[in-house]
Amino acid sequence: MRAVWFNRFGGPEVLQYGERPDPVAGPGEVVVRVRACAINHLDLWVRGGLPGLEPEMPHILGNDVVGTIESLGAGVTGLAVGERTLVLPTLSCGACPACAAGDDHLCRAYDVLGRRRNGGYAELVSVPAANCLPYPANLSWEQAAAVPLVTVTAWHMLVTRAHVRAGEDVLVIGAGSGVGSAAIAIARLHGARVIATAGGEAKCARARALGAHDVIDHTREDVAARVRELTGRKGVEVVVEHVGGPVFEAAVRSLARDGRLVTCGATIGAKVTLDINLLFGRHLTLLGSWMGRRDDLTAALVHVASGALKPIVDSVMPLSEARHAHERIERREHFGKIVLTM
Ligand code: ZN
């Protein structure tokens, strides 16, 4: 099969395009013929090397796979060769107390396809049969590939962790990111008023078009001060954060009494200063979140199928252009998902 892989950590230049052996479906697994695979920021982290993470080498990235079932491993039932599928990107043991309780995100074996195990930057990928979810028939391959990882992440943050409610004000940091654009749609779906941040006029306009009620240009406005203005000095009940550093600090200052901040990332800085006076004085809750539960994605897919949640595709590139796609993300030029097609 043709694939994009690397055998040493580094910048986009370590990505190679060429032939790799076809994967084989082990017991309980299927091989999926990949039709499209979206790129996530996680891919850039894995490519660069993460402390303690030892991926399968040579490594094939790719968390967000859609395609058709090519072959079935031993013991697989309920799936048919040729069937279309959207692949749940999260991996868990399926047998421990956390998995049995539906809290698969707390499984000690929890991982993401394409992180340790080879993923979807390839014509074929083997995945656990349990990860094959029904394909959302209203979407093209490119649109469907833009759904899984950011949707499970944003749904888990807003719905499962922060319990967003109708009438609340929600601040979404970074509307142009995959998680940010998904969070805007999910917050609106739950009846919240959305204030989004974006960098520059073009991205602010796109955030408005996505449904943000108000947009703050973080390149020229003070986010916390502007949130106070927009909420009659109250602040927001919920912040969706994934950037870290001074952005996280401004996000904490933007919270209303009893406000909840939920974060899933630290793209610009993992060390922050926290004013504990604000934390207790305003009854704040700080929530960590990473990926999500299987049930988060299946709940969201109902709204994807109805058209209420629409995937945001920045651009579509052939698999051979994966390196350029990574470079585009590193330059922060994208808005929504970049999708590779095979
Ligand atoms: Zn488990």
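In this predicted model, Asp258 lies in strand E14. The phi angle of Asp258 is near 65°, a positive value in a residue other than glycine. Most residues other than glycine have a negative phi. With a relative accessibility of 46%, Asp258 counts as partly exposed, because this value falls between the limits of 20% and 50% that separate buried from exposed residues. Strand E14 spans residues 255-263 and also holds Arg260. Arg260 counts as buried, at 10% relative accessibility. A polar atom of the Arg260 side chain lies 3.2 Å from the backbone oxygen of His163.

A positive phi is also found at Arg332, where the angle is near 55° in a residue other than glycine. Arg332 is placed in the loop that runs between helix H11 (322-330) and strand E17 (337-341). A further backbone feature concerns the peptide bond from Met57 to Pro58, which is cis, with omega near -10°. Most peptide bonds are trans. Pro58 belongs to the loop between helix H1 (41-48) and strand E4 (64-72).

Three aromatic pairs are found in a search of the whole structure. Among them, Phe6 and Phe9 form a tilted pair, with 6.0 Å from centre to centre and 50° between the planes. Phe6 is buried, at a relative accessible area of 0%, whereas Phe9 is partly exposed, at 35%. Another of the pairs, Tyr110 with Trp290, is edge-to-face, with a centre-to-centre distance of 6.0 Å and 75° between the planes. Tyr110 lies in the loop between helix H2 (97-100) and strand E7 (111-112), and Trp290 in the loop between E15 and helix H10 (294-305), so the pair ties together parts that are 180 residues apart in sequence. Tyr110 counts as buried at 10% relative accessibility, while Trp290, at 36%, counts as partly exposed. A ring is also contacted by a charged residue: Arg20 lies over the face of Trp5, at 5.4 Å from the ring centre.

The structure holds 21 salt bridges. One of them joins Asp111 to Arg115, with the closest N and O atoms 2.9 Å apart, and both Asp111 and Arg115 are buried. In the salt bridge between Arg226 and Glu229, the closest N and O atoms are 2.7 Å apart. Arg226 and Glu229 are separated by about one helical turn, because they stand three residues apart in helix H7 (residues 223-230). Arg226 counts as partly exposed at 25% relative accessibility, and Glu229 is exposed, with a relative accessible area of 57%. A salt bridge is likewise formed by the side chains of Arg293 and Asp296, at 3.8 Å from N to O. Asp296 counts as buried, at 1% relative accessibility.

Leu286 is found in strand E15, which covers residues 285-288. The relative accessible area of Leu286 is 33%, so Leu286 is partly exposed; the patch is made of residues with over 30% relative accessible area and no salt bridge.

Notes
Residues numbered from 1 in each chain as written. Predicted model: local features only at pLDDT ≥ 70, side-chain atom pairs only at ≥ 80, totals over all residues. Heavy atoms only, no water. Helix = DSSP H or I, 4+ residues; strand = E, 2+ residues; numbered from the N terminus. Buried < 20%, exposed > 50% of the residue type's maximum accessible area, 1.4 Å probe, protein only. Phe/Tyr/Trp six-rings, centres within 6.5 Å; stacked < 30°, edge-to-face > 60°. Lys NZ or Arg CZ within 6 Å of the ring centre and 35° of its normal. Polar contact = N/O pair within 3.5 Å; in protein donor to acceptor, adjacent residues only side chain to side chain. Salt bridge = Lys/Arg side-chain N within 4 Å of Asp/Glu carboxyl O.
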